[in-house]
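Please read the following note beside the sequence and the model.

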Amino acid sequence: MSEPQYQQSNETPSVTGAMAALAQLEAAGERAADAPSRLRILSIEGSDPIGGAGTMADMKAFTAQGVFGYAAMTSVLAQNTQGVTSIVNMEPDFLVAQLNAVSDDAIIDSMKIGMLGTPELVEAVKGWLTALEQHYRDEGIAKPVVVLDPVMYAKSGDALLTEQAEQALRDIIPMADIITPNVPELAALADADQPAADIDTLESMAREVCKRYGVAVYAKGGALALVGGASSTDILAEPSDGQGEVRTTRIEGRAVRTHNVHGTGDTLSSTLAALRPQCDTWEQAARRAKTWMNGAIAAADRLHVGKGHGPVDFTWQHAPTGLRFSADYWNRVRPIRERIHGMRFITSMVDATLSLEDFAFYLHQDDIYLTDYTSLLALASSRADRLDERVFFAQAASGGVDSEVMFHHNWYVKHGFDPSGTSRSEVTAAYIGHEHRVADSGSYARLAAVVMPCFWLYAAMGKEMREQVRNKHIDVDTHPFGEWIRMYSDPEFTESTLREVQICDRLAAEASIDEYEHMMHAALVSSEHEFRFFEQGLTRPALGF
Ligand SMILES: Nc1ncnc2c1ncn2[C@@H]1O[C@H](COP(=O)(O)OP(=O)(O)O)[C@@H](O)[C@H]1O
Ligand SMILES: Cc1ncc(COP(=O)(O)O)c(N)n1
């Protein structure tokens, strides 16, 4: 394969080498006005209306890698996550017309060839590719990278290739730079009786196929992922010299326990086609593709597309669009919520058996916590990028918290406790520490998220405890902790909580996946601290500094 123009060398240059390399960079800079900003990759594939495999997978994978995609369709399929019900193969001339429509009009930097259902379609692609390579040679244009996915079956087991086409496919393999068979396809190409059942056999078959066809082989080990324990390994086999020697590399990833693997093979091969021109070697491209693939497979279960083998999440690096942050948080925080609702500190508050000493300890700590919490709300106000949010946090910092501190003071006086001299417990210090660490990131969104559970978990608990007190036919006005319960079930507090949650939803909707996950993590860790905070009323941990 001739090296594409944009390839960079990773060798340490000598001084004269450095001068030449710099001159090359300068020349590329002079030509930059005419250079494309994006690589342009062609997919030659069959369709998938459910959007997880074939052409649709390729286009989505291309976009995920930041390259521009062209597509020519070999076949139109009626298929979904459960199987293939019907296939219409294109007339070979019509496929060539599609391919020419692309190549007569635009430059192709790289291509992924997938499902070629009939021998005639294989021949059509072979003829077109031969002519294209000749044309590029004549014009001095870099030869496009060719990734050939020898698609034979869908995940559902449906055949995507006629028997005669399988032979034709073998004939076109030497035109590729790399082929990407899965476990059964590799066995077919190696003429093995059995598909590989372990990684060593996969490696030796990949070596054999690489030697036989003289092309690099990326053997996809998806079928071994769930039998091989925690890791999922693919094999890269490359001709290492002209003498038939083969070098193999294990491309490691982690195994994901999922049955949502519709289109993984297509996605991997198109990702390789998109990445190879951006990398110096196949190994580099393979490792990057595998890492990205792992993220896409790991996020597949949350997509909820189809009843069978669902597709992977091509957009896993984007924050969710079908699920609000608040709904996602409320679902993920459920185990902590349930623990809080069932904990003795809370249940004994409801049935009024909690000792005043225990409650006083908790209240002292809450005073200390709130002093810090107020400063964080004020900080959120100063960071807010919208006036209404700036005002909301400023008011929450003054009015809202003030009424809680006021309540605490009145309670101490009423029950004869003196909080002076009480220092923060380790539990309180840990919660405050967490919130400050998140605030130190400088992110307004993370700060809004880290203070959210203190609103929402209290509002939810206030509401639930008030109902429980009512169900026990206890008058909340005479209940020893009635005033506390009323404060957190108050409509005004509920309204503030709703506003705070809406702010988090807005910020999360505008966040990257990375920021979204930071927000979620901040809120979930705060929630765990909320649990420990209540618990300390009964355990009374050591008082720290
Ligand atoms: N359960 C899984 N966990 C991790 N990686 C997987 C899993 N299933 C497939 N893969 C990866 O997805 C890519 C496509 O492989 P595979 O599913 O074997 O292809 P095909 O769809 O052609 O059968 C490979 O990199 C493979 O290792
Ligand atoms: C058009 C087309 N091409 C390829 C596949 C294989 O996909 P899978 O990864 O599910 O085996 C498919 N189902 N449909």
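1. A polar contact is a pair of N or O atoms within 3.5 Å; within protein, one must be able to donate a hydrogen and the other to accept it, and residues adjacent in sequence count only if both atoms are side-chain atoms.

2. The model is a predicted one, in which local features need pLDDT of at least 70 and side-chain atom pairs count only at pLDDT 80 or more, while totals for chains, interfaces and linings use all residues. Residues are numbered from 1 along each chain as its sequence is written, chains are lettered from A and ligands numbered from 1 in the order in which they are written, and side-chain values use heavy atoms, with hydrogens and water left out.

3. Which other residues make polar contacts with ligand 1? Ser 232 places a polar side-chain atom 3.3 Å from a nitrogen atom of ligand 1, and a polar backbone atom of Gly 265 is 2.8 Å from an oxygen atom of the ligand. Of the 550 Å² of accessible area that ligand 1 has on its own, the protein covers 93% (areas come from the Shrake-Rupley method with a 1.4 Å probe; for residues, only the protein chains shown count as cover).

4. The shell around ligand 1 holds 19 residues, the closest being Lys 155, Asp 234, Thr 264, Gly 265 and Lys 290 (a residue is near a molecule if one of its heavy atoms lies within 4 Å of it). By class they are 8 nonpolar, 6 polar and 5 charged (Ala, Val, Leu, Ile, Met, Phe, Trp, Tyr, Cys and Pro count as nonpolar, Asp, Glu, Lys and Arg as charged, and the others, Gly among them, as polar).

5. Ligand 2 is surrounded by 18 residues, of which Gly 46, Gln 79, Lys 155, Gly 263 and Asp 266 are the closest. The side chain of Gln 79 has an N or O atom 2.9 Å from a nitrogen atom of ligand 2.

6. Helix 9 gives the most to the shell around ligand 2, with 3 residues (helices, H or I of at least four residues, and strands, E of at least two, are DSSP runs numbered from the N terminus). The shell divides into 7 nonpolar, 8 polar and 3 charged residues.

7. Where does each ligand sit? Ligand 1 sits in the second largest pocket, and the space taken by ligand 2 is also the second largest pocket. On a 1 Å grid over the protein atoms alone, a pocket is an open set of points with protein on both sides within 12 Å along at least five of seven lines, whereas a cavity is a set where a 1.4 Å probe fits but cannot get out; lining residues have an atom within 4 Å of a point. A molecule sits in either if more than half of its atoms lie within 2 Å of its grid points.

8. The lining of this second largest pocket comprises 43 residues, with Lys 155, Asn 182, Val 261, Thr 264 and Gly 265 nearest its centre. By class, the lining has 18 nonpolar, 16 polar and 9 charged residues.

9. The largest cavity is lined by residues including Gln 79, Lys 155 and His 309. Its lining has 1 nonpolar, 7 polar and 1 charged residues.
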